[in-house]
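Please consult the sequence and the structure alongside the notes.

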Amino acid sequence: MNTFQVHIYHANSPFYEGECESLILPTTEGDYGIQANHSNLIAAVVPGTMMYRLPGQPAQYAAVSAGLVKVEDNDVLVLVDSAERPEEIDTNRAERAMAEAKEAMLQKKTVQEYKMAQAHLARAINRLRVKRSFRP
C-alpha cells in the first residue's frame, strides 16, 4: 500500500512522525480519512478518536482534542492540544475531570467559563470512550 509522511504533534511535542498508510481524524464535518496522494486541505480537528495505520501494522487509536490538520504534497501535519493512546489514559483521572467539569457547568458562571467547562467535559468523555473501546 502507498504511504505518506505524517507529523502528529500534541502540546509542542511529537506524538508520531513517520510513514503512514492511512489516517482518520474527527473533524467538524465528521470523520475524515486520508491516504497517500490525498488532495491538499486544511481542516479543523474536534475531540474524538484518531485512527492511524503504520506500514505492516494493525490500526492504532488515540484520543485527540481540538486542533487542525494540513495535507500538502503527500505530507500531513496534525496539530492537536492533546493526543493519548488508550494505554496512556488514566481512567480515574479522566473520571475525576469529568465530574469536575460537570460541577463547573452547574455553577452560575460566565459564558466563557461555561464553554471551558464544556470543552473539559468533552475531552474527559472522549478519553474514557477511547480507553474503554480500544484496550490493547
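With which residue does Glu-84 form a salt bridge, and how far apart are the closest N and O atoms? The partner of Glu-84 is Arg-127, and the closest N and O atoms are 2.6 Å apart. The model is predicted, so local features need pLDDT of at least 70 and side-chain atom pairs count only at pLDDT 80 or more, while totals for chains, interfaces and linings use all residues. Residues are numbered from 1 along each chain as its sequence is written, and side-chain values use heavy atoms, with hydrogens and water left out.

**Salt bridges**

- A salt bridge is defined as a side-chain nitrogen of Lys or Arg within 4 Å of a carboxyl oxygen of Asp or Glu, and by this rule the count comes to five.
- Side chains of opposite charge can pair when their charged atoms come close.
- The salt bridge between Glu-84 and Arg-127 links distant parts of the chain, with Glu-84 in strand E10 (residues 83-84) and Arg-127 in helix H2, 43 residues apart.
- Helices (H or I, at least four residues) and strands (E, at least two) are DSSP runs, numbered from the N terminus.
- Both Glu-84 and Arg-127 are buried; buried means under 20% relative accessible area, exposed over 50%, and partly exposed in between (1.4 Å probe, protein chains only).
- Arg-132 pairs with Glu-95 in a salt bridge whose closest N and O atoms are 2.7 Å apart.
- This pair also links distant parts of the chain, as Arg-132 belongs to helix H2 and Glu-95 to helix H1, 37 residues apart.
- Arg-132 is partly exposed because its relative accessibility is 46%, and Glu-95 is partly exposed at 32%.
- Salt bridges that share partners join Glu-84, Arg-123 and Arg-127 into one network.
- Lys-70 forms a salt bridge with Glu-72, with the closest N and O atoms 3.1 Å apart.
- The relative accessible area is 32% for Lys-70, so this residue counts as partly exposed; Glu-72 is partly exposed at 37%.

**Largest pocket**

- The largest pocket holds about 200 Å³ of space; a pocket is an open set of points on a 1 Å grid over the protein atoms alone, where a 1.4 Å probe fits, with protein on both sides within 12 Å along at least five of seven lines.
- Of the 13 residues that line the largest pocket, the closest to its centre are Ala-97, Glu-100, Ala-101, Ala-117 and His-120; lining residues have an atom within 4 Å of a point.
- Helix H1 (91-106) and helix H2 (111-133) each supply at least two lining residues, and the largest share, seven residues, comes from H2.
- The lining divides into six nonpolar, one polar and six charged residues.

**Nonpolar surface patch**

- Ile-42, Leu-68 and Leu-79 make a nonpolar surface patch of about 270 Å²; patches are made of residues with over 30% relative accessible area and no salt bridge, nonpolar side chains being joined within 5 Å.
- Ile-42 lies in strand E5 (residues 41-45) and is exposed because its relative accessible area is 67%.

**Positive phi values**

- Asp-73, a residue other than glycine, has a positive phi near 50 degrees and is found in the loop between strand E8 (67-72) and strand E9 (75-80).
- Asp-73 counts as exposed because its relative accessibility is 62%.
- Asn-74 lies in the loop between E8 and E9, with a positive phi near 65 degrees.
- Asn-74 is partly exposed, with a relative accessible area of 25%.

Key. Patches are made of residues with over 30% relative accessible area and no salt bridge: like charges are joined within 9 Å, nonpolar side chains (Val, Leu, Ile, Met, Phe, Trp, Tyr) within 5 Å. Accessible areas come from the Shrake-Rupley method with a 1.4 Å probe; for residues, only the protein chains shown count as cover. Grid points are joined across faces, edges and corners, and a volume is the space filled by probe spheres set on the points. Ala, Val, Leu, Ile, Met, Phe, Trp, Tyr, Cys and Pro count as nonpolar, Asp, Glu, Lys and Arg as charged, and the others, Gly among them, as polar.
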